[in-house]
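Here is a short briefing on one protein model. Please read it with the structure open.

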Amino acid sequence: MLDARMREMLSPALEAAGQQLAAAGLPPAALTAAGWAAGAGACAATALRAWPVALGLWLTNRLLDGLDGPTARAGSPTDAGGFLDIVADFSVYAGIILGLPVAVPGARLACVALLTAYYISGTAFLALSSLAERRRQHLGDNRSLRFVGGLAEGTETIAVYILLFLLPQHATVIVWAFTAAVAITAAQRVLTGLRLLRAPAPSEPGMPTVVTDGGGLRTGAAPASHQEPAA
């Protein structure tokens, strides 16, 4: 829900930093790997109840994730980079929720419910991204994978995990509330996908297509070609 606004606010600084990192010769894959390592550390720290460490590593993970895309775009972005980026993100998102019930046994059921909601929402997102690309129907933004907006996006996930690290004694309530938001997002993506995929697919670039922005659909013209930058 807040991702588009946050990208608009942070994009100039991240793009400038990405250009400097690319000029210094730092590979974007190195940022992705370092970010994943920090995220894996946050997962372990969560399980060990080392909440300040988990918070610091989580914020480091998010910072590096915000820099690898701009660094790639400043050089030569690749589909492989975008693929690794989304796998790294999803594994850290799930890993923290896997570590949380180890530290807070009372949150086990809530964590299982959240992982289930993640699974449904992620399946809808990935399937729709692939099918829309094959049908030459444009949705979301210009990241490697086409993201469909919803109630719970990356910004909300960052905020919720910060709350978990700051208020672990309220983890069960926080996770249940976020599970509801992710479930609503999954439903939004399924409904958006059904509307999008039921629309006639253009036979060639430049023909009318369907564009989605934040879960809504509108008719527009597809670009003749586009380049997929890393996430």
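**Briefing**

Tyr 161 counts as buried, at 0% relative accessibility. Buried stands for under 20% relative accessible area, exposed for over 50%, and partly exposed for what lies in between, with a 1.4 Å probe and protein chains only. This is a predicted model, in which local features need pLDDT of at least 70, side-chain atom pairs count only at pLDDT 80 or more, and totals for chains, interfaces and linings use all residues. Residues are numbered from 1 along each chain as its sequence is written, and side-chain values use heavy atoms, with hydrogens and water left out.

**Overall layout**

- The protein has 7 helices and 2 strands. Helices (H or I, at least four residues) and strands (E, at least two) are DSSP runs, numbered from the N terminus.
- From the N terminus on, the order is α-α-α-α-α-α-α-β-β.
- The protein has 231 residues, and 43% of them count as buried.
- Contact means heavy atoms within 4.5 Å. Of the contacts with a separation of 6 or more, 75% come from residues 24 or more positions apart.
- The accessible surface is about 11500 Å², and carbon and sulfur atoms hold 68% of it. Accessible areas come from the Shrake-Rupley method with a 1.4 Å probe; for residues, only the protein chains shown count as cover.

**Confidence**

- pLDDT is the predictor's confidence in each residue, from 0 to 100. The protein averages 82, and 78% of the residues score at least 70.
- Among the elements, α2 has the highest mean pLDDT (96). Strand β2 (residues 216–221) has the lowest, at 40.
- Residues 206–231 have pLDDT below 50. Beyond near neighbours in sequence, this stretch still has 72 contacts in the model.

**Aromatic cluster**

- The whole structure holds 5 aromatic pairs. Rings of Phe, Tyr and Trp (its six-membered ring) pair if their centres lie within 6.5 Å; planes under 30 degrees apart are stacked, over 60 edge-to-face, and the rest tilted.
- The ring centres of Trp 58 and Tyr 161 are 4.9 Å apart with planes at 40 degrees, so this pair is tilted.
- Trp 58 lies in helix α3 (residues 51–73) and Tyr 161 in helix α6 (residues 154–166), so the pair ties together parts that are 103 residues apart in sequence.
- Trp 58 is buried too, with a relative accessible area of 0%.
- One aromatic cluster is formed by Trp 58, Phe 90, Tyr 93, Phe 125 and Tyr 161.

**Thr 46 and its contacts**

- Thr 46 sits in helix α2 (residues 28–47). Its relative accessible area is 1%, so Thr 46 is buried.
- Leaving aside neighbours within four places in sequence, Thr 46 touches Trp 51, Ala 54, Ile 96, Gly 99, Leu 100, Ala 103 and Phe 165.

- Gly 82 is in helix α4. At 2% relative accessibility, Gly 82 is buried.
- Gly 82 and Thr 32 are 50 residues apart along the chain, and their C-alpha atoms are separated by 9.6 Å.
- Phe 83 belongs to helix α4 (residues 79–103). At 55% relative accessibility, Phe 83 is exposed.
- Leu 84 is also in helix α4. At 47% relative accessibility, Leu 84 is partly exposed.
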